[in-house]
Structures are given as structure tokens and as C-alpha cells.
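The following note sets out remarks on side-chain interactions and packing in the model shown below. Please read the points alongside the coordinates.

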Amino acid sequence: MSAVFPYPKDNGKKIIISSMVEYFIEKYGQENVYYIYIGNDQILNNSLHLQNVYLISDVKLMKKIFNVIFYSFFLKKKSIQESMFFDRRIQHMVSRIVEENNIDIVIYDTIRISQMFEDNPKNNEFVYLDDLFSVRYTKMLNVLKEFPEADINPLGNFKKFVPKVIRPLFNLKIFTRLFLEFERKMIFHREIETARTFKNNLLISSKEVNILTERSGQKNIKEVRPFLNISQQFNRTYQGKPEYIFLGSLNIPHNDYSICYFIEKNIDVLIKEIPNFKLKIIGKHPSDKLIYLCKKYECYIELSGYVENLEQAFSSACAMIIPLQFGSGVKLKTLEALSRGLPVISTSYGIEGISIKSNDIIVDDNIFNFPLYMKQLIYLDTNMKYSLKAYNFYQSNYSKRIVYEMYDKVFNIEEVK
């Protein structure tokens, strides 16, 4: 049950959800997997994966406003994002679907959904927490302090669920800061309460599993890795062209701010040191600022939008750059690169939750050093060395066999019944 439909797989959230969906389909058959989608969007691309889809309309505007005022500001029991989703109508409809179809395993996508079922938690219910929003918001606030000029939109993919009349307020830094401080405090406690309420809790980052385990005192929090269903063959065709890739949903705050910051701080050095370099930015929903920068440096930067098939771009590129200045949870863009043997230059934020050795990829939190690494990777021998290390790491830790064995242990039907 989710407010996100997993197809097409055009962002990290959809990739992890579709990983679990496709695991269940392979294990139990398409006819035995049910997907409950909350939203007002028409489902345009099901990719022939899901046979049983239930669409439940989003919470009405006036109810959202009432919920925020009553549950978040008056009672101080729910975060704002929870309040915007809370609706007993949804709870009753989901409960009926689960009961009528005799469903063995129920997965709620984040606390926004699980909140409606916490009064009577069952052993067969799992809460996929994504990453810890409390950690994410803390890092956003730190960025606002360190970089006062940063234009951060904290809503990201959640924007479509926020009433249009309220959205302009997030253009004001003071409002953004107040929102983040309030949400961080509320969601911090709610994450702990959820871990103590539900028997099964899932996070995408092993590091954050340890954080929530320590905070809550519970041992019922497990890691669940994504599976990128791509070719298992090593297929590099890099020939020495200095072409680099940045990948990610561009309406996510850490992606938008970080790539804009990287361009502004490094473009002059890159033009001087690698005169024929090309940076391809792959992702949907670029900000006005990013569009402006790409047009200003159009000889060097290409805004590619969403690319469904990344094989060719990744195969021939020199490297992926991940200059993230903040963020939390496992970055699927990193795994996308590693799975194809594409060398990676990243800050520590880009490899968070991925237990990879520093000599397998290039990690440096000082983005002013990135041009040097980008120049070094142009050489074929150096590029191939990092390419093979990246590919071998992925196969040993994130291949289908490894991920599905993890799912077998996490979603043990006999154990949860």
C-alpha cells in the first residue's frame, strides 16, 4: 500500500518498491500480489506487472487542513506529512481489501500509511520506512545554516500531496526552516513509536537500521536492499571521451542543490582543465536555476530529462559524479552506476548505507577536488581499474540472488502468520 505507483521506474522510491513487488510476483505469482495505490493520478504505465490494483482517492483538501491543525498543531501527535494522509475512509477500505483477499503479508509504505493501522498492529504487517526522515531533515537544516544562500525545497516528491495554495510558502526560507524544525521533532518521535508498535520495520540503509535500533531499543528493524533488474553482463564501451553523468530526480532537494552548487563552483576549472568535457544531467523536473545554468553553459552541460534506457549512456561514459552536500539513505544512483561498472566520484553522502571500500570508488567530501579525479579517470587503464572494482562489488552485494535471499529472510510467511 503506497501513495506512489512503482511504474515507470523513474525515481529511487519506485525502484525499491518495484523490487519488492517483482520479488513477490516471482515467488507467489502475479495473481497473488495486490497493490493499493492512494492518489488522484491516473495509472498510465503498469508495465504488465501488477494484475490486482486498487485505486483509492487522496484525502480531500478541507480534511487535510483540519488534520494538520488538529493532529499536528493542537494535539502534537502527528507530523504534518502524516496529517495530510490520515483518513479513516482509507483505513476501512484497505482493511476490507486485505480481509476479502485473505492476504498473508501487508506492506505499508512509510509512516504516512502505517499510522492508520497502528491501533491494532498484526504480525503480518511490515512498515517500509524508506530512510529516516528525522535524519534527512536534520541534514537539510544543517545545510541551511552552512549555506544560507541554498534554495531548498523540502517537499520533493511529496509536493503533489500538498495543497497548491500552501506550496508558495516553501519559497520563503524562514517558512522552510520552521517547517523542517517542526517535522524533524515530530517525525523523530514517530519513527521510534512505529518501531515499537509494529513487529516488522524496514529501512533501505544498514546505517540507519543501527540508528533506529539504538533510538527505539527494538531489534525488529531490518535492511531491505533494492534490486536493479538490468543486464548482468559487464558491458563497457568507454573509449576515452570525457563525458560524465549526474543522475537523479531533480525535484529532490539534495539533488537539485548539489548539482547546481557543483556547477557554480567547478565549471571554470573544468573548462580550463578538461576543455572538451561534457556533463549529462539525467532526471526529471529541473529547477529554474538548474535550467538557467545548463543554458548558460550549454556547450558543456546537457539536460537530458528522463532516460528510460540508461545502458548506452552508462556504457560509454567516463564516470558518474555524485557531489551531494546532504541527503540520507542509500542513493540508488550510486547502485545504478556500480551495477554497470561505471566509475564513481562521490561525496560520503552518495555512498551512505553502502558498505563499499574507499579504494573501489573515489570518495571525497571536498567537491573542489572533483575536477582532478574527473581528469584522472579519462585514462583508459585507470578507468578500467575502477570500472571492474565497481562491477564486482555490485555483483557480490546487490545481485538478484543476494537481494532475493535477503527478502526470503525478511518476508518469511510462516514466521509472520
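**Salt bridges, rings and cores**

1. D119 and R88 form a salt bridge, their closest N and O atoms lying 3.7 Å apart; the term denotes a side-chain nitrogen of Lys or Arg within 4 Å of a carboxyl oxygen of Asp or Glu. D119 lies in the loop between α5 (111–114) and β4 (125–128), and R88 in helix α4 (residues 88–100), so the pair ties together parts that are 31 residues apart in sequence. Helices (H or I, at least four residues) and strands (E, at least two) are DSSP runs, numbered from the N terminus. D119 is exposed, with a relative accessible area of 63%, whereas R88 is partly exposed at 36%. Buried means under 20% relative accessible area, exposed over 50%, and partly exposed in between (1.4 Å probe, protein chains only).

2. The model is predicted: local features need pLDDT of at least 70 and side-chain atom pairs count only at pLDDT 80 or more, while totals for chains, interfaces and linings use all residues. Residues are numbered from 1 along each chain as its sequence is written, and side-chain values use heavy atoms, with hydrogens and water left out.

3. The structure holds 22 salt bridges. In one of them E191 meets R215, at 3.9 Å from N to O. This pair links distant parts of the chain, with E191 in helix α7 (residues 173–197) and R215 in helix α8 (residues 206–216), 24 residues apart. E191 is buried, with a relative accessible area of 2%; R215 is partly exposed at 27%.

4. The side chains of R340 and E336 also form a salt bridge, at 2.5 Å from N to O. R340 is buried at 10% relative accessible area, and E336 is buried at 11%. Elsewhere, salt bridges that share partners join E82, E118, R190 and E193 into one network.

5. There are 29 aromatic pairs in the structure. Rings of Phe, Tyr and Trp (its six-membered ring) pair if their centres lie within 6.5 Å; planes under 30 degrees apart count as stacked, over 60 as edge-to-face and the rest as tilted. F70 and F74 have ring centres 5.9 Å apart and planes at 25°, so the pair is stacked. The two residues are four apart in helix α2 (residues 61–74), about one helical turn. F70 is partly exposed at 30% relative accessibility, and F74 is exposed at 61%.

6. F393 and Y398 form a tilted pair, 6.3 Å centre to centre with 50° between the planes; both residues are buried. One aromatic cluster is formed by Y23, F24, Y28, F126, F227, Y404, Y407 and F411.

7. In the largest nonpolar core, of 82 residues, M1, F262, I263, L279 and I281 touch the most other members. Helix α9 (residues 253–273) gives the most to this core, with eight residues. Apart from it lies another core of 55 residues, among them I16, I105, Y128 and M320. A nonpolar core is a set of buried Ala, Val, Leu, Ile, Met, Phe, Trp, Tyr and Cys residues joined through side-chain atoms within 4.5 Å.

8. K13 lies in helix α1 (residues 12–28) and is buried, with a relative accessible area of 15%. Its side chain makes a polar contact of 3.3 Å with that of D130. A polar contact is a pair of N or O atoms within 3.5 Å; within protein, one must be able to donate a hydrogen and the other to accept it, and residues adjacent in sequence count only if both atoms are side-chain atoms.
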